[in-house]
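This report goes through one protein model part by part. Please look over the sequence and the structure before reading on.

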Amino acid sequence: MDITIVTGSHRRESNSRHVANYIANILQRKGHDTYIIDLAETNIPLWSEDLETNEEKWSSLKECHKKLAKSQALIIVSPEWAGMAPPMLKNFLLLCEAEHVGHKPALLVGVSSGIGGAYPIHELRSSGYKNSHICYLPDHIIVRNANDALRSSQADGDYEHSLRGRINYQLELLLQYGTALALVRDSGVIDYEQFRYGM
């Protein structure tokens with residue numbers, strides 16, 4: 001299965017990217033192909049009306065759309081900045097079209113250097129899905145104390161052991177959702193022409 005991991009931090013070599021790499025390695029060991037879209041490295045402009053007319057300006061977004069369209073499942077990794085998801089991530093979700101991500105499962109992963117990480121999950125569950133038709137999984141992952149978490153090859157302590165177990169469990173669920181929702185996309189029921197925008 002092809003899976004795209006979007007890491008929403010603006011910082012290069014961020015904790016979010018480290019978590020994305022950790023998850024990608026698990027999936028690759030299971031035989032799946034992963035694509036990482038790191039918004040700190042991908043030059044995506046803020047939404048504007050020339051989206052369909054200025055090909056050079058939006059070339060990096062078109063490359064992202066190709067990866068998303070090829071994928072059967074998504075993982076969205078968001079740090080918590082002042083209790084919010086970063087603006088680049090919100091902008092990226094605004095630019096995700098239903099043809100690329102619609103009716104595909106997405107696992108939300110919050111990242112915090114402290115004990116936070118829940119607010120971006122709540123924010124993303126409240127927005128970012130209406131017109132794109134992304135299907136967020138019911139559960140999510142929060143990686144707390146991310147400066148230290150998932151840094152060694154073996155779990156260090158009860159929290160780390162529990163976190164790694166939850167990540168493995170959620171990835172198995174994501175793969176099952178990816179298979180199941182492919183049936184929805186192939187059903188012929190989806191009508192983006194008449195019902196493109198959610199309510």
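## Thr 4 in strand 1

Thr 4 is buried, with a relative accessible area of 0%. Buried stands for under 20% relative accessible area, exposed for over 50%, and partly exposed for what falls in between (1.4 Å probe, protein chains only). Thr 4 belongs to strand 1, residues 2-7. Helices (H or I, at least four residues) and strands (E, at least two) are DSSP runs, numbered from the N terminus.

This is a predicted model, in which local features need pLDDT of at least 70 and side-chain atom pairs count only at pLDDT 80 or more, while totals for chains, interfaces and linings use all residues. Residues are numbered from 1 along each chain as its sequence is written, and side-chain values use heavy atoms, with hydrogens and water left out.

Neighbours within four places in sequence aside, Thr 4 is in contact (heavy atoms within 4.5 Å) with Tyr 35, Ile 37, Lys 67, Leu 68, Ser 71, Ala 73, Leu 74 and Ile 75. The Thr 4 side chain also reaches the backbone oxygen of Lys 67, at 3.4 Å.

## Two nonpolar cores

A nonpolar core is a set of buried Ala, Val, Leu, Ile, Met, Phe, Trp, Tyr and Cys residues joined through side-chain atoms within 4.5 Å. The largest one has 26 residues, and Ile 23, Ile 75, Val 109, Val 143 and Ile 167 have the most contacts inside it. At least two residues of this core come from each of strand 1, helix 1 (15-29), strand 3 (73-79), strand 4 (105-111), strand 6 (141-143) and helix 6 (157-185). Helix 1 gives the largest share, seven residues.

With neighbours within four places in sequence left aside, Ile 23 is in contact with Ile 5, Ile 75, Val 109, Ile 167 and Leu 171. Another core, of 25 residues, lies apart from the largest one and has Ile 37, Trp 58, Ile 76 and Ala 106 among its members.

## Helix 3 and the largest pocket

In helix 3 (87-94), the buried residues are Leu 89, Asn 91, Phe 92 and Leu 93. Their cover includes strand 1, strand 2 (33-38), helix 2 (59-70), strand 3, helix 5 and strand 5 (135-136).

Pockets and cavities are found on a 1 Å grid over the protein atoms alone: a cavity is a set of points where a 1.4 Å probe fits but cannot get out, a pocket is an open set with protein on both sides within 12 Å along at least five of seven lines, and lining residues have an atom within 4 Å of a point. Grid points are joined across faces, edges and corners, and a volume is the space filled by probe spheres set on the points. The largest pocket holds about 470 Å³ of space. Its lining has 19 residues, with Leu 93, Leu 94, Cys 96, Asn 131 and Ser 132 nearest its centre. Helix 3 and helix 5 (118-126) each supply at least two lining residues, and the largest share, three residues, is from helix 3. By class, 10 residues of this lining are nonpolar, five polar and four charged. Ala, Val, Leu, Ile, Met, Phe, Trp, Tyr, Cys and Pro count as nonpolar, Asp, Glu, Lys and Arg as charged, and the others, Gly among them, as polar.

Ser 9, Arg 11, Ser 14, Asn 15, Ser 16, Pro 79, Glu 80, Trp 81, Val 111, Ser 112 and Ser 113 line it. These divide into three nonpolar, six polar and two charged residues.

The whole structure has one cavity of 30 Å³ or more. The largest cavity contains about 40 Å³ of space and is lined by Leu 39, Thr 42, Ile 44, Met 88, Asn 91 and Phe 92. Four of these lining residues are nonpolar, two are polar and none is charged.

Most residues other than glycine have a negative phi. Asn 145, not a glycine, has a positive phi of about 50 degrees, and Leu 150 has a positive phi near 60 degrees. Asn 145 is in the loop between strand 6 and helix 6, where Leu 150 is also found. Asn 145 is partly exposed at 36% relative accessibility, whereas Leu 150 is buried at 3%.

Gly 198 lies in the segment after helix 6 and is partly exposed, at 24% relative accessibility. Beyond its neighbours within four places in sequence, Gly 198 is in contact with Lys 130, Asn 131 and His 133.

Notes
Polar contact = N/O pair within 3.5 Å; in protein donor to acceptor, adjacent residues only side chain to side chain.
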